[in-house]
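Here is a short briefing on one helix and the salt bridges of a protein chain. Please read it alongside the structure.

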Amino acid sequence: MGGVHWKRLELAALVLYAVVFYAVVIQRSLRLSHDYSGRLYGLRAGSLAGHLNDLSDAQWRNFRGNLPILTIVMGAFLILVNTLRYCYGLKGRGTALLWLILSLSYLCYLHGACVAFILLISSINYFIVKLFARNRYCTALIWSFNLSVLILNRVYEGYSFSLFGQKLAFLDNYRGTFRWHICFNFVVLRMISFGCDYCWTFHSSHFDHKKHMQRCEVCYSGKTCYFALQERGLTVDRYTFLTYLCYLTYAPLYIAGPIVGYNAFAAQAILQLEVPQKNYSFAQISFYGLRWIFSFLLMEAMTHFFHYNAFVVSRAWQQLSPFEIFIISYGVGGIETPENMPRCINNCHDLESFWKSWHASFNRWLVRYLYIPLGGSQRKLLSIWVIFTFVAVWHDLEWKLVSWAWLTCLFFIPEILVKSLSNKFQARSPFGMFIHREFKAIAGAVTISCLMVANLVGYVVGPSGIKVLISQMLGKDALPVLAFIFTSFYVGVNLCYIYVRLARITGDAPEEQVCDSNG
């Protein structure tokens, strides 16, 4: 009974601290946004009376501005495809052709004449894969070609038609409404996925479906989870040019994903077109839609009241106190697809769980096509440098992103080493379990602090602003702030552990604990 009483007191103290923490951060954030509103870039007239809207983030601004057309395109795509399938009894190849025509029409609206670049590069990749699939260096060739394309696209800013002759220069007047080489980063991931999946069909699969079914609740119930769709593989004849182009340009996933592997896409698009997906009921899909609407409205409210990103864009953070810098950095921080955000990123107490939950479909892609081929857990300390460098280059060719990647790897190494030692230590007594948990909470607080530093360098101050940041954060006035920050992270990590324990007791554990593709 004494232990239960102590745990309740501990939980009450942690929750009370968290409530005070968020009250202070929200109050200070509101004051900062109000006091600096006249000096921040990217603020626009808001839909809430008396509040400006922070539209300084290009990704959010473009998504928000194009949301009506995206909604129309998605709705029209689904209605047209399903209506024509029903009226004309289209199956397999017929539906894939219909998908391709509609998707290419959408791409023509987005990119205009630049669709020619997309089709040309995609075709070259397809023929490289088909010609060299049985060669032992095929995957290296695929990666080399796609990395070259990724870099050249950025260097030449999507190319100009005039580079290929003055007769084609007039096409530069018809480049569409959206820069094609920005969206093409996702296409590069799909081209690599197609190439590697096809090359691996000529080798024996290590996927044990029976063993997987025993530990996957979805597959055990008679359905098929995304991981099984991806890992089971396809026969060689399923890697056709039509399916390949359909996969690269599939309209609902084209701009921002989630990222689906070729095997998983083709298994649904070609083999099961006449059977709708069964894993999610209409009620579940409706609830997900309502949750999406709520998240969008919450984001709208956040950008009206808290102008975090505008401080970054305006470089106004240099005028703030160490505590205010912390607040700004805290704020910045038909086809079945994998969930991109399986749980709230604030419920992640280490780097590994953070990256499993942040753009989870990209994480799965990296695991399958980079982490495992590089040696998996046996070479983890080396492979993370390659993986995060690729992630930085994939996002953009900027030194601040490369700095972010290398700092993340540097901070990842202690976590990997501590975890390996922690797994060997099995606490049995209540006191030993307490010490073990406290040690993990402190380690988690250190990890979150490191992650914040890496994100500040990569997305806020850049390599050139490191000296300014260090001078402000190591001053006499900053020491109490640093202690407050670390204590807050320590409390947050402890609350994460309590949540995980409760989730395991109630059976509401996060998805990766039930069916983990990274294990």
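The model is a predicted one.

**Other salt bridges**

- The structure has 5 salt bridges.
- One of them joins Glu 300 to Arg 64, with 2.6 Å between the closest N and O atoms.
- This pair ties together distant parts of the chain: Glu 300 sits in helix H13 and Arg 64 in helix H2, 236 residues apart.
- Glu 300 is at 10% relative accessibility, so it counts as buried.
- Arg 64 is partly exposed, because its relative accessible area is 27%.
- Asp 197 and Arg 368 also form a salt bridge, their closest N and O atoms lying 2.9 Å apart.
- Both Asp 197 and Arg 368 are buried.

**Helix H2**

- Helix H2 covers residues 58-88, which is 31 residues.
- At 1.5 Å a residue H2 should span 45 Å, and the 42 Å between its end C-alpha atoms agrees with that.
- H2 has a kink of about 55° at Leu 67, shortly before the proline Pro 68.
- Leu 67 is also one of the buried residues of H2, along with Trp 60, Val 73, Phe 77 and Val 81.
- The cover over these buried residues includes strand E2 (52-54) and the helices H3 (93-111), H11 (251-254) and H13 (282-305).
- Helix H13 also holds Glu 300, the partner of Arg 64 in H2.

How values were computed. Residues numbered from 1 in each chain as written. Predicted model: local features only at pLDDT ≥ 70, side-chain atom pairs only at ≥ 80, totals over all residues. Heavy atoms only, no water. Helix = DSSP H or I, 4+ residues; strand = E, 2+ residues; numbered from the N terminus. Expected span 1.5 Å × (residues − 1). Bend = angle between axes of the 7 residues up to and from the residue. Buried < 20%, exposed > 50% of the residue type's maximum accessible area, 1.4 Å probe, protein only. Contact = heavy atoms within 4.5 Å. Salt bridge = Lys/Arg side-chain N within 4 Å of Asp/Glu carboxyl O.
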